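Subject: Structure handover

Hello,

Here is the structure I promised to pass on. Please open it beside this email and follow along.

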Amino acid sequence: QVGSSQSTSVALPRSIRRAEAMAGLIARSASRRAFGAPMGARACAGWAQKAMPLKSPHEETEMFIQGRSNPVYLSPWNRWFPYEPVSSTPKMGPYQVQCSAKEVYHFCTCGESKTQPWCEAPGSKCAKVPEFAPRMYSPQHDGPKLMCGCKKAPDSFCNGTCAILYADVFPVATSAICFGGCFVFGVFSTWMMHP
């Protein structure tokens, strides 16, 4: 009996200390949330210190960064690698531009240039968002080109990444489009194949 009373007297202060520590963590978290501290922003990344989550239907894929005029959408890549800077998305689709083989263009990678898809101040670093650098592009032939507007493609050209980004940001609309397309194809193919 003596041993059991000693074990309960030793275990009681430890459980009380744990409860006090948990209460302190909860109070600290509530005070951070009350003062509007950025949730999910890490101090080790300079761009992330300015990031504040939006209260919107796209809260998981959209974020607001101070000083940016265009929306910033998180791609699946940005969720896997959260410490990399995130470019703005001026257009969720390609830019069709006329290019000349005699000129050298500087593709905007930050998404904040007013002369999209080209950088308005080419240099070694972007003038608006220093984490990015313009990408040099010299076309081989004259003619129209489809340049990336979502700024998520690995190259300057549009490769369909905007469709993946659209599906990630607007899943309900994408599901409705896919369902409608499959339904129309099913009705058409049934009508064509019936005896």
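First, a term. A residue is buried at under 20% relative accessible area, exposed at over 50%, and partly exposed in between (1.4 Å probe, protein chains only). By that rule Phe 179 is exposed, with a relative accessible area of 58%. Phe 183 counts as exposed too, at 52% relative accessibility.

Some ground rules. This is a predicted model, where local features need pLDDT of at least 70, side-chain atom pairs count only at pLDDT 80 or more, and totals for chains, interfaces and linings use all residues. Residues are numbered from 1 along each chain as its sequence is written, and side-chain values use heavy atoms, with hydrogens and water left out.

**Aromatic pairs**

A pair of aromatic rings is described by the distance of the centres and the angle of the planes. Rings of Phe, Tyr and Trp (its six-membered ring) pair if their centres lie within 6.5 Å; planes under 30 degrees apart count as stacked, over 60 as edge-to-face and the rest as tilted. That rule gives seven aromatic pairs.

Take Tyr 105 and Trp 118. Their ring centres are 4.6 Å apart and their planes are at 25°, so this pair is stacked. Tyr 105 sits in strand β5 (residues 105-107), and Trp 118 in the loop between β5 and β6 (135-137), 13 residues apart. Helices (H or I, at least four residues) and strands (E, at least two) are DSSP runs, numbered from the N terminus. Both Tyr 105 and Trp 118 are buried. Ring pairs also link them with Tyr 137 and Phe 157 into a cluster.

Now back to Phe 179 and Phe 183. They form a stacked pair, 6.2 Å centre to centre, with 20° between the planes. Both lie in helix α5, four residues apart, about one turn of the helix.

**Helix α4**

Which residues of helix α4 (residues 161-169) are buried? They are Thr 161, Cys 162, Leu 165 and Val 169.

α4 and α5 pack at an angle of about 115°, with their axes 5 Å apart. Axes are lines fitted to C-alpha atoms, for helices over the stretch in contact, and angles run from 0 to 180 degrees between N-to-C directions. Contact means heavy atoms within 4.5 Å. From α4, the contact uses Tyr 166, Ala 167, Asp 168 and Val 169; from α5, Pro 171, Ala 173, Thr 174 and Ile 177.

Best wishes
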